[in-house]
Structure formats: C-alpha cells, structure tokens
Amino acid sequence: MSLLSHDELVELVRAGVLDAPESAVNAASIDLTLAPTIMAERPPRHGEIVSALDISRGAVLPMEYRRMHEYGGEAYYDLMPGEFILASTVETFNLPNWVSSEYMQKSSLARNALEHLAAGWCDAGWHGSNLTLELVNVSRYYPIRLRPGMPIGQMKFLRHAPVDDKDSY
C-alpha cells in the first residue's frame, strides 16, 4: 500500500471519489466537515428497565435522531461531558476498488477532549455514503460545542492492488 499525496488526492476529488472541494486537499489528506444531524443516546424512558446491551446477540444502543439546535440563525450541538453521539461527514465517498481510506481526527479537537472512537476504516469499493463518526466528550466539566460544517477530521487514502467486487465494501 502507498499513501496518496496532494496531486493524486486532487485527482480523486475531480473524479468524484470524494465529494469535497479541492481546497480541502492537504499534502497527504483531505479535510472533512461535520453534517448538521446527529444520533444521540436515548435516555431511558420513565419506568424503563435498563439492562446490559448484549451486542453478541444483536442488541444496539438506543439512539435517537436529532438536528443541531438553532438559535439566532446559528446551529450547534453541545456535547456534554461523557456523552456519546453518532455524527457524520458532509462529504460523500465513492471509493474505487484500488483505494481504501482511514479517518484521522484533527489534533486541535483531541486537545479539547473530543475523542473519536477508532472505527474509521473505509474499504475499497465503499460507495455513496457519508462517514459515520463515533464521538465522545471525554472532558470532566465542559460541554463541547459542535457546529455543522466545522472541520471534524481528515482522511488519508491508500492505493493498493484492486480487489474483486465481492471483496469490497
């Protein structure tokens, strides 16, 4: 595998592999931005008995769809300490069968206690989807304000031998 660099990444953007502006291309990555909707963990309903999630049997964390709050023409979501959400990128991916990619969080966000859980690998052939981000505020005291369109991370792209369609995402 080889890491793609600026000029190769610009060609990927021009070819529609990633629906992103050319200005988002860096030396060896492409910047991604946050979409305006999230899925947040649903608190237990009144009287609901909470039991362990048996993920080995297909149980899933109860989540609910939310749009970011809008006040005075500005949209945002305050991620509370310890809170877990699913967010997504604005950008849509259409990976060919010879390119895989990996999400990397922006270091400035990590330094401010926003953590991305390490599920950012995208297999070759993954088409027509936005990247889902698993985000957690690991600070003890401070909410983190997330805004639609804010820089949320970057993708690095790796060239490799083509894979069969049955082997791709």
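Me: What makes the place of Val 99 part of a strand?
Reply: Val 99 lies in strand β8, residues 99–105. The model is predicted. Strands here are DSSP runs of E, at least two residues, so β8 counts as one.

Me: Why is Val 99 called buried?
Reply: Its relative accessibility is 0%. Buried means under 20%, so Val 99 counts as buried.

Me: Which residues are in contact with Val 99, leaving aside its neighbours within four places in sequence?
Reply: They are Leu 4, Asp 123, Ala 124, Gly 125, Phe 157, Leu 158 and His 160. Contact means heavy atoms within 4.5 Å, so each of these meets that cut-off with Val 99.

Me: How far apart are Val 99 and Met 1 in sequence and in space?
Reply: They are 98 residues apart in sequence. In space the figure is 9.2 Å, C-alpha to C-alpha.

Me: With which residues is Phe 157 in contact, leaving aside its neighbours within four places in sequence?
Reply: Val 99 is one of them. The list also includes Ser 2, Leu 3, Leu 4, Leu 9, Leu 12, Leu 18, Ile 30, Phe 93 and Leu 95. Ser 100 and Ser 101 are on it too.

Me: Which residues have the most contacts inside the largest nonpolar core?
Reply: Phe 157 is among them, with Ile 30, Ile 85, Phe 93, Leu 131, Leu 146 and Ile 152. This core has 39 residues. Its largest share, 4 residues, comes from helix α1, residues 6–14. In soluble globular proteins, nonpolar side chains tend to be buried together.

Me: What is the strand order of the open sheet?
Reply: The order is β4-β3-β7-β11-β9, 5 strands with antiparallel pairing. The edge strands are β4 (63–67) and β9 (114–116). They are called edges because each pairs on one side only. The twist averages 35° from one strand to the next.

Me: How do you know that β7 and β11 pair?
Reply: They share 8 bridges, in the antiparallel sense. Pairing needs at least two bridges, so β7 and β11 qualify.

Me: What makes β3 and β7 a pair?
Reply: They have 2 bridges, and at least two are needed, so they count as paired. Ala 40 has Ile 85 in β7 as its bridge partner.

Me: Where is confidence lowest, and where is it highest?
Reply: Strand β5, residues 69–71, is lowest, at a mean pLDDT of 70. Strand β2, residues 30–33, is highest, at 97. The protein averages 90, and 96% of the residues score at least 70.

Definitions and conventions. Residues numbered from 1 in each chain as written. Predicted model: local features only at pLDDT ≥ 70, side-chain atom pairs only at ≥ 80, totals over all residues. Heavy atoms only, no water. pLDDT = per-residue confidence, 0-100. Axes fitted to C-alpha atoms, helices over the stretch in contact; angles between N-to-C directions. Core = buried A, V, L, I, M, F, W, Y, C linked by side-chain atoms within 4.5 Å. Buried < 20%, exposed > 50% of the residue type's maximum accessible area, 1.4 Å probe, protein only.
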